[in-house]
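Please look over the sequence and the structure shown here before reading on.

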Amino acid sequence: MEFYCKEFKVGKCEGEKIVDGETIPLVLEPREADKSDLESLLLGLNENKEWFEEMIIKNSAVLVRGFDVKKAEDFNDIVETFGWEDIRYVGPAPRTHIYKMIWTANEGPLSEFIYYHHEMVLIKEFPKKVILFCEIPPPEGGETPFVPSFKVTERMVEEFPKEVKEMEEKGLKYSFTAPSNSDTNSMRGRGWEDAFGSSDRKEVEKRAKGLGMDVEWLEDGGLKTILGPRNLTKIFEGRKGRKMWFNTIVGMHGKDISSATMADGTEIPEHVVKRCGEIIEEESIQFKWEKGDVLFLDNYALLHGRRPSLPPRRVLVATTK
């Protein structure tokens with residue numbers, strides 16, 4: 001598909017890569033210097049909704065840079081332009097609601113690395129898009145790297161054909177333990193009351209079941225969730241038949257509060273998990289934030305994470321169907 005849009009021109013950013021013939025991320029800047037205001041951006045997006053969504057699918061990530069986007073309300077106006085339906089975040093990351101569709105990104109300690117993941121990968125209903133806005137760029141570190149998921153599958157199949165086949169056939173099972181109260185000192189410290197939006201245990205059980213989880217109440221007041229079987233990979237329509245590495249075995253395998261095994265309880269070999277983590281890092285795109293950036297990620301196609309950072313850093317997020 002040839003690129004042309006009268007409201008935008010193609011730019012460049014540090015860390016971009018050519019993957020399977022496409023530039024990731026596709027950087028869109030104002031075509032004219034005097035058209036960098038928020039109103040011009042909203043008008044350009046509104047007039048090119050279908051084209052813009054095609055660009056997100058085609059390039060997996062689109063970075064809108066150089067426009068005057070200042071605050072959460074501006075960001076929300078951008079997201080709402082497309083008419084995408086909001087999807088409420090379910091997961092361990094501590095977050096704060098800011099405005100309408102806008103939340104803080106993971107509020108866990110900036111000193112910690114948030115491992116690569118597809119957003120809400122373990123939930124039956126996961127977002128199609130993850131949209132991020134940089135209100136305050138970090139002085140050092142704090143990148144949001146992302147990874148073309150199909151490349152991980154290709155390399156894992158090449159290096160571990162038997163192990164991948166077994167995980168594909170058996171499926172995966174995960175467990176995760178959430179505390180009763182949120183702990184913002186941990187990047188996975190969101191309490192179960194906050195996560196499920198209720199302090200009523202029966203209601204929490206009902207909501208967990210609706211999301212495809214079994215639950216187990218712990219003596220210390222915590223909640224253990226069990227999820228499975230889940231797929232190792234997925235193929236999504238419109239993405240060249242690519243088999244996405246749609247799981248979180250590296251992020252959850254063998255951790256203090258989480259586990260990842262095959263669905264029948266068979267352990268995933270440690271060396272396979274370790275090598276998978278190396279492959280993911282090798283395929284990563286190290287994107288660096290600038291103030292006012294708005295980044296659209298195809299959650300079906302990309303894993304994403306967060307590098308350790310010096311403060312301050314403030315990135316906001318919206319997740320949509």
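Predicted model: local features only at pLDDT ≥ 70, side-chain atom pairs only at ≥ 80, totals over all residues.

P161 belongs to helix α5, which covers residues 161-170. Although P161 and V273 are 112 residues apart in sequence, their C-alpha atoms lie 14 Å apart in space.

## E143 in its loop

The loop between β9 (129-136) and β10 (146-148) holds E143, a residue that counts as buried because its relative accessibility is 14%, which is under the 20% limit. The side chain of E143 makes a polar contact of 3.1 Å with the side chain of K288. Setting aside residues up to four places away in sequence, E143 touches F287, K288, G305, R306, R307 and R313.

## The annotated domain

The UniProt record, an unreviewed entry, carries the annotation "domain: TauD/TfdA-like" for residues 35-318. Over residues 35-318, the chain is 30% helix and 24% strand, with the end C-alpha atoms 25 Å apart.

## The nonpolar cores

The largest nonpolar core has 68 residues, and those touching the most other members are F146, V152, M156, F196, I249 and L295. Helix α9 (residues 270-282) gives the largest share of this core, namely 5 residues. Apart from this core lies another, of 29 residues, which includes C5, L38, V64 and F133.

When neighbours within four places in sequence are left aside, V152 is in contact with V147, W245, C276, I279, I280 and L303.

Terms used
Residues numbered from 1 in each chain as written. Heavy atoms only, no water. Helix = DSSP H or I, 4+ residues; strand = E, 2+ residues; numbered from the N terminus. Buried < 20%, exposed > 50% of the residue type's maximum accessible area, 1.4 Å probe, protein only. Polar contact = N/O pair within 3.5 Å; in protein donor to acceptor, adjacent residues only side chain to side chain. Contact = heavy atoms within 4.5 Å. UniProt positions renumbered as here; feature names shortened; annotations may be inferred. Core = buried A, V, L, I, M, F, W, Y, C linked by side-chain atoms within 4.5 Å.
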